[in-house]
Amino acid sequence: MQELMRQFATIFRQITQHKWAWPFMDPVDVEGLGLHDYYEVIDKPMDFRTIKIKMEAKDGSGYKNVREIYADVRLVFKNAMRYNDEKNDVHVMAKTLLDKFEEKWLQLLPKVAEEEKRQVEEEAELQFDMQLAQEATYANMAREISNEISEADMNLKSLREMVIQRCRKMSTEEKRKLGIALTRLSPEDLTKALEIVAENNPDFQATAQEVDLDIDAQSDYTLWRLKVFVKDALPIKSKNAGAIEGINNDIIDDNKKNNSKRRREICDALVKSAIKRTKKVV
């Protein structure tokens, strides 16, 4: 682009040094010449001095490319031709210089087109590189999140082990009532309960047409999870509220008999907390 600017500056200098360029060197002296209607005819005044100052600007206010300069140089001549009659000397001088300028511009135009094409390609390449960098950043973020999830899964596994170790074993009567409560779940909730069983039993087919669930064969961890799930699911269904109340009453009776109410409360809280954390991660 700098080379094009240099070549255009040469053309500009040749035009401004022409013997007929003097009327266009400075802004039109509207007041001095008594041209009271000038701004009614000309929307955007332009002159060679203004163009030169803008070409040499270093503060970012200058021209961005040669097409912008080309447009302003043409504007100088077009304004003069528009305001002055065809037979007026200024009109004739402007038209003559415009023709010379257009001729020189056509010689430079192929290089301008080539440079513009190169800039478009560079911009496309830059955009592509930025996209690759952005995708790489997203990939790293995804990798970090995946690592965090894996770490959370490991922590949950340790938590499950702790829950199992601190929870007491379910009594035979508790298992019986849990089995009855499971049969009273809605089809949707029953499916969710079977999915809980399947989590720790890879061979268990939760989605099979017929499911044979052996309560006694389930781990303490699975049984406690089922108990908490049933306790949450049944109270919202008035017809099934009795089943869960039976389980709760059984817990109270068992507490009185074994004098370990506090232990059960801690156990239930630990299990429910583990389930909530599991849902959040998933």
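Predicted model: local features only at pLDDT ≥ 70, side-chain atom pairs only at ≥ 80, totals over all residues.
**Pocket, cores and confidence in an all-helix model**

Helix α1 provides seven residues to the lining of the largest pocket, the largest share of that lining. The lining is made up of 22 residues, of which M5, A9, K52, M55 and E56 lie closest to the pocket centre. Two helices, α1 and α4 (residues 48-55), each contribute at least two residues to this lining. Sorted by class, the lining residues comprise 10 nonpolar, five polar and seven charged ones.

Stepping back to the whole chain, the model contains 11 helices and zero strands. The order of elements from the N terminus is accordingly a run of α-α-α-α-α-α-α-α-α-α-α. Of the 282 residues in the protein chain, 33% count as buried.

In soluble globular proteins, nonpolar side chains tend to be buried together. In this model, the largest nonpolar core holds 28 residues, and those with the most contacts inside it are F8, F24, F48, I51, V73, F77 and F101. Helices α1, α4, α5 and α6 (residues 89-166) each supply at least two residues of this core. Another core lies apart from it, with 24 residues that include A193, V197, I215 and L234.

Is Q7 buried or exposed? Q7 counts as buried because its relative accessible area is 18%, below the 20% cut-off. Beyond residues up to four places away in sequence, Q7 touches L108 and K111.

N201 sits in the loop between α8 (residues 187-199) and α9 (residues 220-233), and its relative accessibility of 24% makes N201 partly exposed. N201 and S219 are 18 residues apart in sequence, with their C-alpha atoms 9.5 Å apart in space. K169 is found in the loop between α6 and α7 (residues 172-183). With a relative accessible area of 63%, K169 is exposed. Although K169 and S219 are 50 residues apart along the chain, a C-alpha separation of 9.2 Å is found for this pair.

The protein chain has an average pLDDT of 82, and 81% of the residues score at least 70. Among the elements, helix α5 (residues 66-83) has the highest mean pLDDT, at 96, whereas helix α11 (residues 261-281) has the lowest, at 47. Over residues 237-241 the pLDDT falls below 50, and this stretch has five contacts in the model beyond near neighbours in sequence. The pLDDT is also under 50 over residues 270-282, for which the model shows 23 contacts beyond four places in sequence.

Conventions
Residues numbered from 1 in each chain as written. Heavy atoms only, no water. pLDDT = per-residue confidence, 0-100. Helix = DSSP H or I, 4+ residues; strand = E, 2+ residues; numbered from the N terminus. Contact = heavy atoms within 4.5 Å. Buried < 20%, exposed > 50% of the residue type's maximum accessible area, 1.4 Å probe, protein only. 1 Å grid on protein atoms, 1.4 Å probe; cavity = no way out; pocket = protein on both sides within 12 Å on 5 of 7 lines; lining within 4 Å. Nonpolar A, V, L, I, M, F, W, Y, C, P; charged D, E, K, R; others polar. Core = buried A, V, L, I, M, F, W, Y, C linked by side-chain atoms within 4.5 Å.
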